Every structure is written in C-alpha cells, then in structure tokens.
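Here is a short report on one protein chain. The sequence and the model come first, then the reading.

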Amino acid sequence: MSFENNNTFTEANNAFNGTFNETFNNDNYSNTNGTAFDDTKLEDSIMAVSVYTPLIYVGILLISLMVFGSQYRKNQVKKLAKLKSIFDEQEAKDLYFELKTLNESGETKIHDKVLKAALLNRGSEAIRRSLKLKELAPQVEINYKTGSVGEDYWQRYQNEVKLIELEFKETLQEAELLQPGWSQMFVVVAKEICFNQALARRYQSILKRKEVAIEKWDLKLDNDGKLIEN
C-alpha cells in the first residue's frame, strides 16, 4: 500500500513539474494580473519609439528654422525697402510693371517682344546702378570712416547695394517666366545694352560740352566741325 502511494505521488509530482516547465518556457506567459503579453512586441515598440522620435524632432526643428529664416528675410527686405533710395528715379522698373499689369489685366494685349525689351531695359539699369555703386564704394567707405558722411547715408548706401542685387535677381526670374532658359542670354544682352547706353550718354555729354565751349568762347566751326581760325 505504501509503495502504491509513493508511485502515485511520484507520477503527480512529475506531471506538475512538466506542466510548470512547459508554462514558463513559453514566450507568452502570464503577469501578476493573469494578462498575457509578448516581450517581442514590447521590444519592437520600444525600438520604434527610440529610432523615429529623434528623427521627428529633427524634422520639426529644421522646418521651424526654414520658416523662421524665410520670415526674417522678408522682414529685412521690407525694412530695407522703406529706406530712402540714393537713386531718385525708377523709370525702367515702373515701365515694365505698367506693361505687365496691362497685359495681365486683359485690357491691352502686350506683345512678348515689348515685354522682353522693357525687361532688358530694367535689367540694364540694374547693372548700371550696380557698377556705379561699386565704383563709388571706396570713396563712400573712406568718407564714412573719416566722418564726412553720417550713419544714415552709410545705411542708405548699404541698403541700395542689397536692393540692386535683389532687383537684378528679380529680372532673372521674370526672364525665366517669359521664356524658360532665356535667363543666361538675358544677362549677356542686358550687359551689352548697359554698355551701349553708357557710350551714348558719354557721346551726348561731349556734344553738350562742345556747345557750351562754342557759346562761351565764341568759336566758329566749318561744316566738318573743324575750328575756323580768325
């Protein structure tokens, strides 16, 4: 009887140990509340958060910096535009925008060649002013350092340099809109127009000085423009 009880106890113990080992050797097991959960899924979730969260933060930071930089540049341009310009007239720019407005409104159809000519005139004027400012740069800087010109004029000069750069970039963008791929040729033609206009102005100034000299000194010239000696 005792031997049979021992065998029964041994079988029950082996069955219990087998069930216990099988239960705790599985990947899924019960927690203290009896709810089953998966360690693999938990690790995947932790890894997903640890990998993508910094990327999201970096993306948000970059987008914020880009938006801030864009708004800052726009505000700076507005501030620069409010300063008084060194150059009084803006005829070339005003003429182009007037023609463009008429064309877009539909009141008058402006030919593309007319718009291109007006834009080239605007671009050549921007180049002329840029060259003029570069020519005056050493004198303006010396006068500013010596106190001959004030802070206001120095700010106006620096403002004008930046505005002329923006003006020329806008003409390139307009040229690309009028005809894709035209911007490179636009620069070459605008420079040629600028230099030709400079030569024409120089020639006209020579003629004016000639007229002043003839009137002042009572000079007489023949049909070929040669001086007649008395």
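Helices (H or I, at least four residues) and strands (E, at least two) are DSSP runs, numbered from the N terminus. This is a predicted model, in which local features need pLDDT of at least 70, side-chain atom pairs count only at pLDDT 80 or more, and totals for chains, interfaces and linings use all residues. Residues are numbered from 1 along each chain as its sequence is written, and side-chain values use heavy atoms, with hydrogens and water left out.

**Overall layout**

The protein chain has six helices and two strands. Their order from the N terminus is α-β-β-α-α-α-α-α. Buried means under 20% relative accessible area, exposed means over 50%, and partly exposed lies in between (1.4 Å probe, protein chains only). By that rule, 15% of the 230 residues count as buried. The accessible surface is about 18400 Å², and carbon and sulfur atoms hold 57% of that surface. Areas come from the Shrake-Rupley method with a 1.4 Å probe; for residues, only the protein chains shown count as cover. A contact means heavy atoms within 4.5 Å. Among contacts with a separation of 6 or more, 60% join residues 24 or more positions apart.

**Helix 3**

Helix 3 covers residues 91–105. The expected span of a helix is 1.5 Å times one less than its number of residues. For the 15 residues of helix 3 that gives 21 Å, and the end C-alpha atoms are 21 Å apart, so the two values agree. Its buried residues are Ala92, Tyr96 and Leu99. Seen down the helix axis, they fall within an arc of 70°, so they line one face of helix 3. The arc is that of the directions from the helix axis to the C-beta atoms. The buried residues pack against helix 4 (112–146) and helix 5 (151–178). On the other side, Glu91, Glu98 and Glu104 are exposed. Gly106 follows helix 3, with a positive phi near 85°.

**Helix 6**

Helix 6 runs through residues 183–217 and has 35 residues. From first C-alpha to last it reaches 51 Å, close to the 51 Å expected at 1.5 Å a residue. Phe186, Ala190 and Cys194 are buried in this helix. The buried residues of helix 6 pack against helix 4 and helix 5.

What sort of phi does Asp218 have, in the segment after helix 6? The phi of Asp218 is near 55°, a positive value in a residue other than glycine. Asp218 counts as exposed because its relative accessibility is 60%.

**The second largest pocket**

Pockets and cavities are found on a 1 Å grid over the protein atoms alone. A cavity is a set of points where a 1.4 Å probe fits but cannot get out. A pocket is an open set with protein on both sides within 12 Å along at least five of seven lines, and lining residues have an atom within 4 Å of a point. Grid points are joined across faces, edges and corners, and a volume is the space filled by probe spheres set on the points.

The second largest pocket has a volume of about 200 Å³. Its lining includes Ala126, Ile127, Ser130, Phe168, Val187 and Phe195. Which helix gives the most to the lining of the second largest pocket? Helix 4 does, with five residues. Helix 4, helix 5 and helix 6 each supply at least two lining residues.

Two pairs of residues can be set side by side.

| Pair | Separation in sequence | C-alpha to C-alpha distance |
|---|---|---|
| Ser85 and Leu163 | 78 residues | 9.2 Å |
| Arg128 and Ala198 | 70 residues | 8.4 Å |

Ser85 lies in the loop between helix 2 (39–82) and helix 3. Not counting residues up to four places away in sequence, Ser85 touches Gln90, Arg156 and Glu160.

Arg128 sits in helix 4. Arg128 is partly exposed, with a relative accessible area of 21%. Beyond residues up to four places away in sequence, Arg128 touches Glu89, Cys194 and Arg201. Cys194 is one of the buried residues of helix 6.

**Glu174**

Leaving aside neighbours within four places in sequence, Glu174 is in contact with Tyr96, Lys100, Leu119 and Arg122. Of these, Tyr96 is a buried residue of helix 3.
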